There are 2 protein chains.
Amino acid sequence: MTTPVKRRIVILAEGKLDVFSAKTAAGVIRYRGDEVVGLLDRTHAGQPLEGFLGVGRGIPIVSELRELDAVKPDMLLIGIAPSGGQLPPSWRRLIVQAIERGMEIVSGLHAMLGDDPEFAELARKHGVRIWDVRRPPEDIPIGLGRARNMAARTVLTVGSDCNIGKKIGAIEMTEECRRRGRDAVFVPTGQTGVMITGRGLAIDRVISDFVAGAAESLVLAEQGHDWIFVEGQGGIFHPSFSGVTLALMHGSCPKAMVLCHQPTRRFLRHTQIPIPPLREIVAIHEALMRPIQVSRVVGVALNCCDLTDEQAGAEVKRVEQGLQLPVTDVIRFGAAPLVDALERYFETPSDPASGFAPSLSLRGPERPP
Amino acid sequence: MTTPVKRRIVILAEGKLDVFSAKTAAGVIRYRGDEVVGLLDRTHAGQPLEGFLGVGRGIPIVSELRELDAVKPDMLLIGIAPSGGQLPPSWRRLIVQAIERGMEIVSGLHAMLGDDPEFAELARKHGVRIWDVRRPPEDIPIGLGRARNMAARTVLTVGSDCNIGKKIGAIEMTEECRRRGRDAVFVPTGQTGVMITGRGLAIDRVISDFVAGAAESLVLAEQGHDWIFVEGQGGIFHPSFSGVTLALMHGSCPKAMVLCHQPTRRFLRHTQIPIPPLREIVAIHEALMRPIQVSRVVGVALNCCDLTDEQAGAEVKRVEQGLQLPVTDVIRFGAAPLVDALERYFETPSDPASGFAPSLSLRGPERPP
């Protein structure tokens with residue numbers, strides 16, 4: 001995957017150091033870990049980072065920026081995405097200190113730090129850039145299904161819930177394709193993906209009328225690549241983010257989808273709403289795409305971060321048998337089974353005997369035709 | 001329906017005088033017609049307005065504002081919603097003239113006229129308000145399904161496409177309920193509805209992460225009313241606006257939906273994508289709501305504006321037989337059949353023998369369970 005120029009990054013994760021709250025931190029450490037020189041979190045300072053995030057061995061957790069002065073960090077990256085995206089008041093002091101040290105500020109909050117008078121003034125004074133990753137570009141067009149029928153093999157990761165592995169799934173499939181010598185590109189659509197690659201667009205910050213258009217533009221910009229893996233967002237049944245999910249589906253017009261799921265998760269995040277059965281989730285995604293462009297869920301990426309190897313293996317088998325689709329945990333078992341399935345799918349897209357069973361579909365036998 | 005203080009309105013519809021392009025004009029004339037003193041459109045000046053919009057008999061179409069000076073208009077209302085919502089350059093002169101006459105400017109464009117330096121300066125000078133209807137309020141929360149299980153009978157209009165009658169359907173059902181002595185309220189969610197009622201919120205202008213939250217807030221604000229009719233937006237299969245549609249569904253958590261459709265329309269607006277069969281559209285809406293809150297499509301509102309009475313009657317019968325649901329054209333035949341159906345539905349919500357057949361549902365018989 002293309003990554004930006006090497007930096008010396010400190011990640012701010014004050015008080016929220018778990019793999020879900022600090023998913024931006026976890027993503028940046030996973031894919032740009034060699035650039036991360038430390039993590040700011042007073043409540044866990046001195047403890048081993050990989051115990052919290054599953055990644056980041058050897059990266060120190062510190063209480064104050066000055067503890068890292070010796071390694072001359074040049075970027076403070078906000079590693080947490082609080083729901084609603086506002087700036088917790090306690091972070092102000094830390095951001096001020098970073099600017100005063102001449103560090104670039106990278107933020108994915110909805111609240112635009114560059115528009116904050118104190119930060120803006122201080123940044124000017126110290127010649128520092130504040131990069132608000134979620135600031136949408138001007139002049140995004142309305143989506144019009146222009147990404148339909150592109151030559152590329154477009155694949156979108158979708159999820160049974162938000163915050164479940166859609167970004168990692170897309171990145172790992174991209175990497176696996178490249179290992180096979182394919183021309184594959186990853187299209188980030190969220191703040192963490194943009195921070196990892198230095199490209200893309202956080203579509204959840206776009207005005208709702210233009211989200212499909214933003215997704216469409218991102219995909220069309222990659223025309224010419226053989227494989228385009230688009231990072232999914234939200235969850236089709238999640239009452240907070242389902243609109244973003246559907247706009248991304250209809251804007252990016254994937255020819256195939258990969259469903260991401262965490263076997264131990266019972267409820268949609270931040271709600272008391274049970275996650276529906278996977279069969280229903282597969283069916284709704286395929287049904288929603290059908291009138292725009294036929295698209296199948298061709299595999300499942302399980303997030304087994306809270307399971308043992310043995311449990312993870314058992315879950316993979318269970319879901320495989322239930323859905324009759326290839327299943328893997330991309331972190332633990334690799335993305336090869338998904339890329340295998342995608343290659344088979346794209347080689348014989350319209351052949352019903354290709355091993356791709358007819359999709360689960362919308363049917364209404366209870367009412368007369 | 002509650003309407004704001006009476007005004008003397010001129011509608012700007014320059015060059016776009018048809019019932020779809022000028023839907024804001026048509027909506028405002030339909031429900032605030034007694035306040036409209038004229039319509040600005042050089043290309044159709046002098047012609048009878050109702051020939052273009054089906055409403056507005058007696059309202060003059062003029063080329064220049066000065067032709068209306070005698071009736072002292074006090075509001076210029078932009079009556080067109082160009083796709084993308086930018087300001088056509090030719091309108092600038094007309095808006096300047098209106099401000100110079102001391103007229104309030106009401107706009108539903110995405111481009112915020114109040115932020116335009118020339119308009120803003122001029123408005124200050126003339127003590128005139130520029131009301132950008134689409135400017136979202138600050139501090140919209142994230143949606144969390146908080147409108148689930150409200151006591152009210154919440155009804156959302158949904159559509160086979162955008163621009164097909166969802167606002168009018170919701171207003172007409174509200175009015176019909178009130179005629180029956182019910183405590184019913186209309187919740188506008190788009191610019192025209194907001195212009196008609198002076199309340200509500202244009203949710204398509206909200207940042208996508210917050211659209212469901214905006215819809216949720218609008219509905220929760222009406223707690224205490226017996227009936228809440230929410231204006232739908234977009235179309236669940238429309239590649240431009242489907243995200244707004246789904247966010248509105250999951251945010252407003254309707255207990256029932258009414259499907260709006262135009263029998264003569266074959267393709268999703270501005271696209272070459274055929275409108276799917278109504279059965280499929282009913283099924284997808286019910287399937288998308290199921291995990292959040294069970295919600296049924298209990299009737300269909302047909303927009304027969306381009307059919308004769310006889311043709312309209314035949315279409316109503318045809319769709320009724322096909323879907324086994326009550327159907328009407330609310331403008332031609334009234335909303336009573338829909339309100340009848342809703343009353344029956346809410347009186348016996350969980351009784352399978354109530355006459356409400358099991359919904360079309362997501363089923364996947366082709367794959368093993």
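**Close-up views of a predicted model**

**View 1. β11(A), α10(A) and β12(A) form a right-handed β-α-β unit.** The model shown here is predicted. β11(A) and β12(A) pair in the parallel sense, over 2 bridges. One residue pair to find is A:Ala301 with its bridge partner in β12(A), A:Thr328.

View 2. β10(A) and β11(A) run parallel and are joined by 6 bridges. Look for A:His261: its bridge partner in β11(A) is A:Leu302.

**View 3. Strand β11 of chain A is largely enclosed by the rest of the structure.** The strand spans residues 296-302. Why does it count as largely enclosed? Because 7 of its 7 residues are buried.

**View 4. A:Cys253 sits in the loop between α8 (242-252) and β10 (256-261) of chain A.** Its phi is near 45°, a positive value in a residue other than glycine. Most residues other than glycine have a negative phi. Is A:Cys253 buried or exposed? It counts as buried, because 26 C-beta neighbours lie inside 10 Å and the cut-off is 20 or more.

**View 5. A:Gln324 lies in the loop between α10 (309-323) and β12 (327-328) of chain A.** Phi of A:Gln324 is near 55°, again positive in a residue other than glycine. A:Gln324 is partly exposed, because 13 other C-beta atoms lie within 10 Å. A residue counts as exposed at 12 or fewer and as buried at 20 or more, with partly exposed in between.

Notes:
Residues are numbered from 1 along each chain as its sequence is written. Chains are lettered from A and ligands numbered from 1 in the order in which they are written. This is a predicted model: local features need pLDDT of at least 70, side-chain atom pairs count only at pLDDT 80 or more; totals for chains, interfaces and linings use all residues. Helices (H or I, at least four residues) and strands (E, at least two) are DSSP runs, numbered from the N terminus. Two strands pair if DSSP finds at least two bridges between them. A crossover is right-handed if, with the strands pointing away from the viewer, the path from the first strand over the helix to the second runs clockwise.
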